[in-house]
Amino acid sequence: MVMETAICGRVALSPHQIFQPKPGDTKPRQKQWTNRNTLMAMPIAGVGKGGGLLEKPVIEKTTPGRESEFDLRKSRKISPPYRVMLHNDNFNKREYVVQVLMKVIPGMTVDNAVNIMQEAHYNGLAVVIICAQVDAEEHCTQLRGNGLLSSIEPASGGC
């Protein structure tokens, strides 16, 4: 068992002095409790600085109109939105389409996937997601890779 020297205030104490105070010592530096063969030493605030009070944290407030680093990064990533379109086909089962949508599109819920699948089934076409062009191309490629008919189009034009 390795014993280290504890520093209490400005006086270095050995483990022997902490756990077995001298007979004339009226203010022991630590109290001891024994709990199921485990010795726990609990420090008591006393000698030295830092008697248990914490300083109030400083919270920086952003100035109105001042952009944060997050806002600057976000503005750089803005690109024209694109729609990922799902086309009806007569090959894939409805359950499979729902599974693929949930696997490919991040955050897609079962309810949204079912609604998109049904819209494509009844109307021949459904909007899956509106996102940046790079993401739209990736989602379209993944949907096609799983056997679904998919395309992308700019979201700014049309209905």
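**Close-up views of a predicted model**

**View 1. Helix H3 passes helix H5 in a right-handed crossing.** The model is predicted, and local features need pLDDT of at least 70, side-chain atom pairs count only at pLDDT 80 or more, while totals for chains, interfaces and linings use all residues. Residues are numbered from 1 along each chain as its sequence is written, and side-chain values use heavy atoms, with hydrogens and water left out. A crossing is called right-handed if the near helix is turned clockwise from the far one by less than a right angle, and left-handed if anticlockwise. H3 (residues 94–104) and H5 (residues 133–145) pack at an angle of about 145° with their axes 10 Å apart, where axes are lines fitted to C-alpha atoms over the stretch in contact and angles run from 0 to 180 degrees between N-to-C directions. Helices (H or I, at least four residues) and strands (E, at least two) are DSSP runs, numbered from the N terminus.

**View 2. Val100, Leu101 and Val104 of H3 meet His139, Gln142 and Leu143 of H5.** Contact here means heavy atoms within 4.5 Å. The residues of this contact divide into 4 nonpolar, 2 polar and no charged, with Ala, Val, Leu, Ile, Met, Phe, Trp, Tyr, Cys and Pro counted as nonpolar, Asp, Glu, Lys and Arg as charged, and the others, Gly among them, as polar.

**View 3. Val97, Val98, Val100, Leu101 and Val104 are the buried residues shown in H3.** These residues cover an arc of only 165° around the axis, which puts them on the same side of H3; the arc is that of the directions from the helix axis to the C-beta atoms. Buried means under 20% relative accessible area, exposed over 50%, and partly exposed in between (1.4 Å probe, protein chains only). The cover over the buried residues of H3 includes S5, H4, strand S6 (125–132) and H5, whereas the face turned away from the buried side carries the exposed residues Glu95, Gln99 and Lys103.

**View 4. Arg83 forms a salt bridge with Glu153.** The closest N and O atoms of the pair are 3.0 Å apart, a salt bridge being a side-chain nitrogen of Lys or Arg within 4 Å of a carboxyl oxygen of Asp or Glu. Arg83 lies in strand S5 (residues 81–87) and Glu153 in strand S7 (residues 149–154), so the pair ties together parts that are 70 residues apart in sequence. Arg83 counts as buried at 9% relative accessibility, while Glu153 is partly exposed, with a relative accessible area of 31%.
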